[in-house]
Amino acid sequence: MESSTPPANAYTQRWFTTFLRTYGPDYTARELAFLACQLPLPRFHAVLDLCCANGRIALPLAERGHAVTGVDRDAAQLAQAREASAQAGVTPVRYVEADMRRLDTIGGPFDAVLSMWASFGYFDDATNAALLGDLANLLTRGARIVLDVYHRDFFVRRQGTLTSAREGEQITTTQRLDGNRLTTSITYGSTGTVESFSWQVFTPDELSALGATCNLRTALACTGFDETQPATEAQPRMQLVFERL
């Protein structure tokens, strides 16, 4: 039985069912089209998908011809990813159960690293900076990192509590911004289960400056997985593409 209050930043299977599985194919197709533009083959062949969950992005990339390593700490999600990969009959994705702070267990080098769906920023400022440096060290020269993260300025005027329905479930979401930390709490009405997540959040300029300390050049900052749309406070998510110098 799930605890009514899981540890912070611990995604329960209820979260995956309620949120991850409910994003339709059109949303994933937009992400994949963006990645196809930013990581064209054959240059960006070896790809590390960090926090890959059930292989939603990893498997289609493998089907396109990338050599993909998917990393996640959730064994149940990785089991689903492996099953989907086997059923697809494509070149297997290499799935590794690991904490992202232990990249020394992953191998490499890679031509690209992905961190999708706000999976970067979970730790304190120093650890997040060290993680970005570790990712840069896994890259070949000219390789790329794609970060899909929250834009801090979006949340300056958009905090508080909202109740909505999703998949027949009443969901109460509370968001609070304290300095550069965004905290989100989700309460599921049917069980009272509460999930809490916390990120260090950035502006585009701040994240670019952090990348520069890791020998990363900012090649693109956009929103909506659309290269023509600049990252602004009008949208909650932004995508930054870094190149390894």
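These are my notebook entries on a predicted model of one protein chain.

**Ground rules.** I number residues from 1 along each chain as its sequence is written, and I keep in mind that in this predicted model local features need pLDDT of at least 70, that side-chain atom pairs count only at pLDDT 80 or more, and that totals for chains, interfaces and linings use all residues. Side-chain values rest on heavy atoms, with hydrogens and water left out.

**Overall form.** I looked up the secondary structure and found six helices and 12 strands in the protein chain; these are DSSP runs numbered from the N terminus, helices being H or I with at least four residues and strands being E with at least two. For 245 residues a compact globule would have a radius of gyration near 18 Å, and the protein chain agrees with its 18 Å; the radius is taken over C-alpha atoms, and the globule rule is 2.2 Å times the number of residues to the power 0.38. Along the principal axes, the C-alpha atoms fill a box of roughly 50 × 40 × 35 Å.

I then checked burial, and 51% of the 245 residues count as buried (buried is under 20% relative accessible area, exposed over 50%, partly exposed in between, with a 1.4 Å probe and protein chains only). Among contacts with a separation of 6 or more, 66% come from residues 24 or more positions apart, where contact means heavy atoms within 4.5 Å.

Ala165 has Gln170 of strand 7 as its bridge partner, and Arg166 stands opposite Glu169 in strand 7. Two residues lie between the strands of this hairpin, in which Glu167 takes a positive phi near 55 degrees.

Strand 7 also pairs in the antiparallel sense with strand 8 (residues 181-188), over eight bridges, and here I noted Ser185 in strand 8 as the bridge partner of Thr174. The hairpin of strand 7 and strand 8 has two residues between the strands, and Gly179 takes a positive phi near 65 degrees there.

**Cis peptide bonds.** I found a cis peptide bond joining Leu41 and Pro42, with omega at about 5 degrees; Pro42 sits in the loop between helix 2 (25-38) and strand 1 (46-50). The bond from Gly108 to Pro109 is cis as well, with omega near 0 degrees, and Pro109 belongs to the loop between strand 3 (94-97) and strand 4 (110-115).

**Positive phi in loops.** Ala118 is not a glycine, although its phi is positive at about 55 degrees. Ala118 lies in the loop between strand 4 and helix 5 (125-137), and with a relative accessible area of 2% Ala118 is buried. Phe225, also a residue other than glycine, has a positive phi near 55 degrees. I placed Phe225 in the loop between strand 10 (216-223) and strand 11 (226-230), and Phe225 is buried with a relative accessible area of 7%.

**A buried glutamate.** My last entry concerns Glu195, which belongs to strand 9 (residues 194-200) and counts as buried at 0% relative accessibility. I also looked up Arg157, 38 residues from Glu195 along the chain, and the C-alpha atoms of the two are separated by 23 Å.

Notes. Pairing = 2+ DSSP bridges.
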